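Open the model in your viewer and keep the sequence panel beside it. The tour moves from one selection to the next.

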Amino acid sequence: WGQNQINQSSGINAEYGVFCWGQNQINRLECPYPVPLDDLYGWNVHDIAPGKNHHVITADYSAIAMGKTTMGELGMGPGTKSSSRPDKMHGVDGLKSIQCAAGCAHTLLLVDDSDSEAKKLIDDLDVNHD
């Protein structure tokens with residue numbers, strides 16, 4: 001299945017991995033047909049969501065992002081402006097992400113909090129509750 005946003009698309013194939021196509025500013029892709037995202041080879045990818053200028057990917061017990069960030073949507077901490085290659089999001093390692101979504105300047109993760117270890121990881125997240 002696949003997702004699309006603006007002029008870019010992405011899809012997951014259980015046997016062959018993650019593919020991207022179209023025109024985007026994430027990896028300067030300008031391709032009319034699907035090409036594999038080799039940096040994710042070996043990951044057990046569950047979900048992928050393209051935002052305006054970024055992608056977020058859930059795999060195993062990690063969330064991965066790549067692209068441009070304006071409001072911290074890559075989840076890689078202050079000072080990160082972009083990542084042309086997929087990289088783990090900070091602070092959510094060890095959480096099982098069930099689903100992800102991305103938009104103009106945000107990323108959302110739906111995580112499994114059914115066990116006590118996951119609940120502790122979530123409680124320990126540095127989240128601004130103001």
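**Start at Met66**

Select Met66, which is found in strand β7. Strands (E, at least two residues) and helices (H or I, at least four) are DSSP runs, numbered from the N terminus. Met66 has a relative accessible area of 1%, so it is buried. Buried means under 20% relative accessible area, exposed over 50%, and partly exposed in between, with a 1.4 Å probe and protein chains only.

A word on the ground rules. This is a predicted model, in which local features need pLDDT of at least 70 and side-chain atom pairs count only at pLDDT 80 or more, while totals for chains, interfaces and linings use all residues. Residues are numbered from 1 along each chain as its sequence is written, and side-chain values use heavy atoms, with hydrogens and water left out.

**Zoom out**

Show the whole protein as a cartoon. There are 10 strands and one helix. From the N terminus, the order is β-β-β-β-β-β-β-β-β-β-α. Colour by burial: of the 130 residues, 37% are buried. Contact means heavy atoms within 4.5 Å. Among contacts between residues at least 6 apart in sequence, 40% join residues at least 24 apart.

**The largest nonpolar core**

Select Ala49, Val56, Ala63, Ala65, Leu74, Met76, Met89, Val92, Leu95, Cys100, Ala102 and Ala118. These 12 residues make up the largest nonpolar core. Such a core is a set of buried Ala, Val, Leu, Ile, Met, Phe, Trp, Tyr and Cys residues joined through side-chain atoms within 4.5 Å. The elements that give two or more residues to this core are β7 (62-68) and β9 (97-102). Next, select a second, separate core of 10 residues, Cys20, Leu37, Val45 and Ala59 among them.

Is Cys100 buried or exposed? Cys100 is buried, because its relative accessibility is 8%. Leaving out residues up to four places away in sequence, Cys100 touches Asp47, Ile48, Ala49, Val56, Thr58, Leu108 and Leu109. Move to Cys104. At 51% relative accessibility, Cys104 counts as exposed. Searching the whole structure for disulfides (cysteine sulfur pairs within 2.5 Å) gives zero.

**The largest pocket**

Select Met89, His90, Val92, Leu109 and Leu125. Of the 17 residues lining the largest pocket, these are the closest to its centre. The pocket holds about 410 Å³ of space. A pocket here is an open set of points on a 1 Å grid over the protein atoms alone, where a 1.4 Å probe fits, with protein on both sides within 12 Å along at least five of seven lines; lining residues have an atom within 4 Å of a point. Strand β10 (residues 107-111) gives the largest share of the lining, four residues. By type, the lining has nine nonpolar, six polar and two charged residues.

**Two last stops**

Go to Asp60, in the loop between β6 (54-59) and β7. Check its backbone: phi is positive, about 50°, although Asp60 is not a glycine. Asp60 is partly exposed, at 30% relative accessibility.

Finish at Lys88, in strand β8 (residues 82-88). With 34% relative accessibility, Lys88 is partly exposed. Beyond four places away in sequence, Lys88 touches Trp43, Ser62, Ala63, Ile64, Met76 and Asp93.

Note on methods:
Grid points are joined across faces, edges and corners, and a volume is the space filled by probe spheres set on the points. Ala, Val, Leu, Ile, Met, Phe, Trp, Tyr, Cys and Pro count as nonpolar, Asp, Glu, Lys and Arg as charged, and the others, Gly among them, as polar.
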